[in-house]
Amino acid sequence: MRLSHAYVPTRKEVPADAVMPSHQWMLRAGMIRPLVSGVYSYLPIGWKVMRKVMRIIREEMDSIGGQELQLPVLNPVEIWDESGRNTDFGDEMFRLQDRKGRTLILAPTHEEVICDLARKYIQSYKDLPQIWYQIQTKFRDEPRPRSGVMRTRQFIMKDSYTLDVDDDGLNAGYQAHAGAYRKIFTRCGLTFHVVGASSGLMGGGRSQEFMVESPYGEDALVLCDHCGKADNLEVASSVPPAAPESSGELVKIKTPGQKTIQEVSGFLKKSPREMMKSLVYASDEPVMILIRGDHEINESKLIKLFGPSVRPAHPDEIIEICGTEAGYVGPIGLKRSITIVADRALENQQNLTTGANEKDRHLSGIDLMRDCPEIRYVDVRNVISGDGCSECGSPVRVFNAVELGHIFKLGTKYSEAMKAMYSDPDGNEKPIFMGSYGIGVERIVAACIEQNFRPERGMLWNRGLAPYLVHLIPVNMDKEEITRLADALYTDLVSGNIDTLLDDRKGSAGFKFKDADLLGMPIHVILGGKWIKEKQIEIKNRHTGEVVLVNRDQFMDTIEKIIDSLS
Ligand code: ATP
Ligand code: MG
């Protein structure tokens with residue numbers, strides 16, 4: 001591509017409203033432009049990278065026997081009512097009305113359409129297994145679209161679905177996807193983690209997420225660097241660190257106006273980990289949950305233990321059960337006896353401090369085994385950095401991450417709800433076993449930028465996703481021999497099938513170099529003083545920093561060698 005004819009509107013300034021480096025960079029490099037909140041146009045350079053990602057995805061999906069199809073974005077709401085997800089998706093789903101007043105939705109994902117196809121057109125075990133995939137625009141009315149293309153209201157997803165006769169078939173399809181996903185993310189040059197995850201809205205059985213570390217990520221991961229065990233914080237468990245030995249006597253102490261862990265620990269000069277949070281929740285029945293002062297409740301675990309309707313108790317419920325307001329409540333001396341559970345990290349803990357069920361009073365010296373022998377211990381907290389790995393005991397690390405892909409074993413959840421059946425060799429009707437597998441195309445691009453953009457150096461694309469591999473930069477455009485050479489090299493590179501960008505614009509060397517660093521192609525070729533004086537072409541491999549000078553005859557060979565060496 002000749003830059004003089006290309007639409008690559010680069011910008012020097014960092015856009016004020018963009019926080020994530022990838023978002024800033026995509027705007028500055030002229031890859032994207034916003035249209036309305038959470039909706040972007042992809043300009044030529046941006047779309048070129050997106051197409052490279054999609055090509056890698058297609059190749060890897062085809063190699064596991066995936067068949068590409070294309071499913072409609074406009075869906076009748078009825079199939080979403082059948083699966084129950086018209087309600088589950090709630091406001092995240094875009095709904096519209098056709099001229100006859102019929103409700104249609106813009107599909108946020110496609111399990112329902114797949115099930116509808118399967119129930120109508122898959123009849124016998126002979127039609128199975130199938131792997132169907134598409135690369136398709138999805139619509140989700142995200143509450144806070146931000147972070148550029150990482151979370152948008154219209155985005156491109158590769159989604160695939162496996163249809164099998166039984167669990168063994170599903171396992172095979174799932175494993176094939178896990179392998180293909182590893183290859184896709186590796187070919188995109190990403191450093192990623194594969195983690196055990198919760199299935200959330202999708203339902204079904206086992207699921208794994210493909211994640212990249214990012215301070216802007218909305219998920220948290222728990223990783224053991226020693227044995228490699230990795231889980232989403234939603235489902236991670238850990239071995240609580242050993243409790244310090246120190247028995248004490250039960251003492252009631254005055255704590256006027258001190259309610260929060262911060263306030264009480266400051267007032268009593270104790271560390272938050274010597275405190276105990278006593279929290280009252282309500283589902284069908286009220287329940288008190290005890291966790292260590294420096295720990296946090298994990299919402300997913302709470303729901304798993306007490307059901308989806310679990311919620312913090314209202315102030316009047318707390319007073320009715322404890323006789324006082326939140327902040328002074330605890331497991332000892334309740335007005336009314338209720339179920340009490342404690343987090344596992346409190347097992348065998350002594351000398352704890354929590355509320356005394358009396359205003360402005362706390363109890364210290366609590367030994368849970370001695371003072372509350374009947375409570376049940378459960379895993380209900382978030383793992384924190386430094387906890388022991390549940391597999392090998394080594395200290396784990398907790399960090400933020402972005403989800404790029406998610407693979408699910410759905411089993412028969414959707415096929416039973418929507419009656420997607422097949423007949424087995426004996427003529428019995430059985431539900432089809434389904435798997436569902438998604439990848440966000442934009443998130444791959446943005447993650448790749450996050451991992452390879454440095455403010456001091458600019459962007460650096462890897463071989464797989466680089467919009468162009470070679471950036472030709474003639475710097476003395478007023479010299480005819482330079483423009484002639486630039487044209488000749490450009491023709492050679494393009495006929496050698498090497499994606500090349502030629503900066504044939506009039507402009508200073510500084511202006512061109514700035515744009516070249518910003519755009520981030522892996523190889524820069526500089527045509528300037530060295531050619532005029534010594535007939536030498538300067539080639540820079542930006543991955544190694546190495547600069548070589550070659551003459552015209554060596555040019556193509558050298559470029560091809562450098563490209564081969566790029567990862
Ligand atoms: P998140 O938890 O980040 O909202 P999700 O669990 O809703 O993601 P899935 O329904 O599993 O995501 O969708 C599959 C993939 O589609 C995700 O792994 C992600 O890469 C991508 N994706 C999901 N929502 C968005 C969005 N709003 N914008 C861009 N990509 C998205
Ligand atoms: Mg979501």
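**Strands, a lysine and a helix face**

Student: In this predicted model, what makes E4 and strand E6 (residues 103–106) a pair?

Tutor: E4 and E6 are joined by three bridges, in the antiparallel sense. Pairing needs at least two bridges. Three bridges meet that cut-off, so E4 and E6 count as paired. Within this pairing, Leu 74 stands opposite Leu 106 in E6.

Student: Which order do the strands of this sheet take?

Tutor: The order is E4-E6-E5, in an open sheet of three strands with antiparallel pairing.

Student: Why are strand E4 (74–76) and strand E5 (94–97) called edge strands?

Tutor: Each of E4 and E5 pairs on one side only. Neighbouring strands of the sheet are turned by 40° against each other on average, direction ignored.

Student: Now Lys 52, in helix H2 (residues 44–63). Why is Lys 52 called buried?

Tutor: Its relative accessibility is 18%. Buried means under 20%. Lys 52 therefore counts as buried.

Student: Which residues beyond four places in sequence does Lys 52 contact?

Tutor: Lys 52 is in contact with Gly 464, Leu 465, Ala 466, Pro 467 and Asp 499.

Student: How do you know that the buried residues of H9 line one face of the helix?

Tutor: Start with the residues. In helix H9 (residues 315–322), Ile 318, Ile 321 and Cys 322 are buried. Seen down the axis, they fall within an arc of 80°, so they line one face.

Student: What covers the buried residues of H9?

Tutor: The cover includes strand E15 (276–282) and strand E16 (286–292). Just after H9, Gly 323 has a positive phi of about 85°.

Key
Residues numbered from 1 in each chain as written. Chains lettered and ligands numbered in written order. Predicted model: local features only at pLDDT ≥ 70, side-chain atom pairs only at ≥ 80, totals over all residues. Heavy atoms only, no water. Helix = DSSP H or I, 4+ residues; strand = E, 2+ residues; numbered from the N terminus. Buried < 20%, exposed > 50% of the residue type's maximum accessible area, 1.4 Å probe, protein only. Contact = heavy atoms within 4.5 Å. Axes fitted to C-alpha atoms, helices over the stretch in contact; angles between N-to-C directions. Arc of directions from axis to C-beta.
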